[in-house]
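Please read them with the coordinates open.

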Amino acid sequence: MKKHISALRFRIKMLLKYRYLLALLVERDIKLKYRRSFLGYLWSILNPLFSMIIMMIVFSYMFGRGIKNFPVYLISGNILFAFMRDSSTLAMNSIIGNAALLKKVYVPKYIFTLSKVTSSLVNLLFSLGALLIVMVITKVPITWYCLLIVIPIIELYIFCVGLGLFLAQANVFFRDIGNIWGVVTLAWMYLTPIFYSIDNLSPVLRYWIPKVNPMYIYITQFRDFVLTGGWTWTVLIWRGLFISLLMLAIGLWSFARNKDKFILYI
Amino acid sequence: MEKVNDICIQVKEASVRFNIASEKVNNLKEYAIKLFKRELMFKEFYALKDVSLTVRKGESWALVGPNGAGKSTLLKLICRILSPYKGSVWVKGSIAPMIELGAGFDPNLTAGENIFINGAILGHSKQFMKEHFDEIVEFAEVSNFLGMPIKNYSSGMRARLGFAIATVVKPDILVVDEVLAVGDSAFQNKCMNRMKEMLSGGTTLLFVSHSNDTVRKMCKNAIWLDHGQVKMTGTANEVCDAYEKSQKSK
């Protein structure tokens, strides 16, 4: 037990030692993303805005009827899902992408994975600006409850860190993961009520999705705070927290188990 | 009398094993098929086999041997980049690794930005990097090119910058793997002088070079590796003589 505690203390010390690197890597990602582009950071707001407008035009004829404030409903689901998809895809390549460096210098490897998820989080915070614009235009009342969106965002961030760590280590040994993940997230997107309401689904799906699809849980919490201006189901918060911590544990465990073998495969 | 607390690097019968798969298996389908057919056989390859090395504080060691002898692997083992398959590696004190100069430079970022990132990769804090920024720029002689992306730098300039960042701190152990070959002679001399300065300040040096003259100049001790095994340990002169002899007889 004592050994575990001292190991944990060492890990935390290392994380603190390299926190400046983490901050710099996040800064680099954000800087380079828009370097030499005319509108720069504005794209982080414009992108979700444009994709929401397109999806709204396409889907409001099919699914939008019956959903209150469809634009806000759509964009809130969209930016959260995009965060999960982007962060997991970037994190997945974080180890093999830094192969050249990891072969030459000792750095805690998870720093690269963590930095990718964190820079995606910054991107998500930018897209909240787009959400705000849509809320103002569609005259959705902005209440104090809106501030509670930090709860689902933190839960989702923890979930994505775990998922990213798991994918990053798996991708080192099986490069197929990189190819299949695009398909998996596509299927996942359609199984998540982003542009439709869960009420339109068959009873079986309606029963299972809230139980097993973490994205549904986070998005629903988020929408409840933003759209209805009230509290969400408390059980959703606990369930979301449980899933995110579970995912983090899986990610940390699998990463720690295999990290010393990376060097032989990258 | 041996003073135990003088030891700063102890490598005990360390082996590093690589699996050379007969064909590279890195997709799931092949893995499943091979696993099923029990064909998942690897040719084992030892990059290092039962290597032992004890280095005391302030000593200077050269690693000599032909290409592929395991010199870099031993350095990587000591820098914690690799972990041993068998045996143990124990290191006390801070390491400045120069396995490759400027590893981790982002070609799209400017030199100024890269100095901070590279320093952070080596584990320095923001405060420390701010204090030593000018010193690095001055040593690397890049003050006129700070705003230029690294991708436009020549390899010599990159090496200068990398060396300057890696040696800004006075480390307990300096690990140098043939990195000075790219620079011009003026720069090489500058680097040698800085390394000698550190040595006289009590830093321990591990040095890989194919130039026996440099080895004799820089190091007191040497270890000769061949095919992953230690062939000889001793003073730099003895080992270099023996190594030169064996190369001539080939």
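**Notes on the model**

1. Asp50(B) sits in strand β2 (residues 42-56) of chain B; helices (H or I, at least four residues) and strands (E, at least two) are DSSP runs numbered from the N terminus. Phi of Asp50(B) is near 50°, a positive value in a residue other than glycine. Asp50(B) counts as partly exposed, with 14 C-beta neighbours inside 10 Å. On this scale a residue is buried with 20 or more other C-beta atoms within 10 Å of its own, exposed with 12 or fewer, and partly exposed in between, C-beta atoms being placed from the backbone.

2. This is a predicted model: local features need pLDDT of at least 70, side-chain atom pairs count only at pLDDT 80 or more, and totals for chains, interfaces and linings use all residues. Residues are numbered from 1 along each chain as its sequence is written, while chains are lettered from A and ligands numbered from 1 in the order in which they are written.

3. Lys139(A) also has a positive phi, of about 60°, and is not a glycine. Lys139(A) lies in the loop between α7 (110-137) and α8 of chain A, and is exposed, with 8 other C-beta atoms within 10 Å.

4. 21 residues of chain A are in contact (C-beta atoms, placed from the backbone, within 7 Å) with 27 residues of chain B. On the chain A side, α2(A) gives the most, with 5 residues.

5. Helix α9 (residues 176-190) of chain A is hardly covered: the count of buried residues among its 15 residues is 1.

Conventions:
Two residues are in contact if their C-beta atoms, placed from the backbone, lie within 7 Å.
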